[in-house]
Amino acid sequence: MTDSTIPITEVIVAADCWQDQPDTETVIQRAIDTAAQISGADVGDAEIAVMLTDDAGIRTLNNNWRGIDKPTNVLSFPALQPTGPVGEDDPPRMLGDIAIAYETMRREADEAQKPFEHHLSHLTVHGFLHLIGYDHETDDEAGEMETLETEILAQLGIPDPYADRERMD
């Protein structure tokens, strides 16, 4: 039996550089499951796709969708939500897509001296929160999102990624 608060998560490995990380799918699933539970988001009937790519792939996405011609660590693409009634025989609604770039993520983890799995969990949680409507365009939004990220990561046994700088609350 599946938990009705947990979205279906499909992990797609689009770049060979991820092959050296055998527990990646488990780390991502655990991060999304925990984020869904703690956030209280209504996502039990939803599906998420997480694409594990490289810097070249995410640079293309970043340029095509945001007009920024450089790689980044994570991108989120919330899906349009259905407006009509949903029948019980309908497929799961698509919550959206998350793309994570290996080289940028690896470099950030190494520079911050954080375990790879911790940084992957953080970026996954960050991407998920964007899919459910959180943002960090203003200081107030950033503070709210960072507080929730920290709470979710603490549940996963991961230290506060913002502890070394001033919080946005």
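Leu75 stands opposite Ala99 in strand 4. This pair belongs to a predicted model. Strand 3 and strand 4 (residues 93–101) pair in the antiparallel sense, over five bridges.

**The sheet**

Strands of a sheet pair through backbone hydrogen bonds, either parallel or antiparallel. Here, four strands form an open sheet with mixed pairing, and their order is 1-2-4-3. Which strands stand at the edges? They are strand 1 (8–13) and strand 3 (74–78). Each has a single partner strand, so one side of each is left without a neighbour in the sheet. From one strand to the next, the twist averages 15°.

**Helices on the sheet**

Helix 2 and helix 3 lie across strands, as the table shows.

| Helix | Strands it lies across | Angle |
|---|---|---|
| Helix 2 (residues 55–66) | strand 2 (46–53), strand 3 and strand 4 | about 45° to strand 3 |
| Helix 3 (residues 102–111) | strand 2 and strand 4 | about 65° to strand 4 |

**A pair of helices**

Two packed helices are described by the angle between their axes and the distance between the axes. Helix 1 (residues 24–39) and helix 4 (residues 116–131) pack at an angle of about 45°. Their axes are 9 Å apart. Helix 1 and helix 4 are therefore oblique to each other. Their crossing is right-handed.

Which residues meet? From helix 1 they include Val27, Ile28, Ala31 and Ile32. From helix 4 they include Leu120, Thr124, Val125 and Phe128. The residues of this contact divide into 10 nonpolar, four polar and one charged.

Definitions and conventions:
Residues numbered from 1 in each chain as written. Predicted model: local features only at pLDDT ≥ 70, side-chain atom pairs only at ≥ 80, totals over all residues. Heavy atoms only, no water. Pairing = 2+ DSSP bridges. Helix = DSSP H or I, 4+ residues; strand = E, 2+ residues; numbered from the N terminus. Axes fitted to C-alpha atoms, helices over the stretch in contact; angles between N-to-C directions. Contact = heavy atoms within 4.5 Å. Parallel < 35°, antiparallel > 145°, perpendicular 65-115°, else oblique. Left-handed = near helix turned anticlockwise from the far one by under 90°. Nonpolar A, V, L, I, M, F, W, Y, C, P; charged D, E, K, R; others polar.
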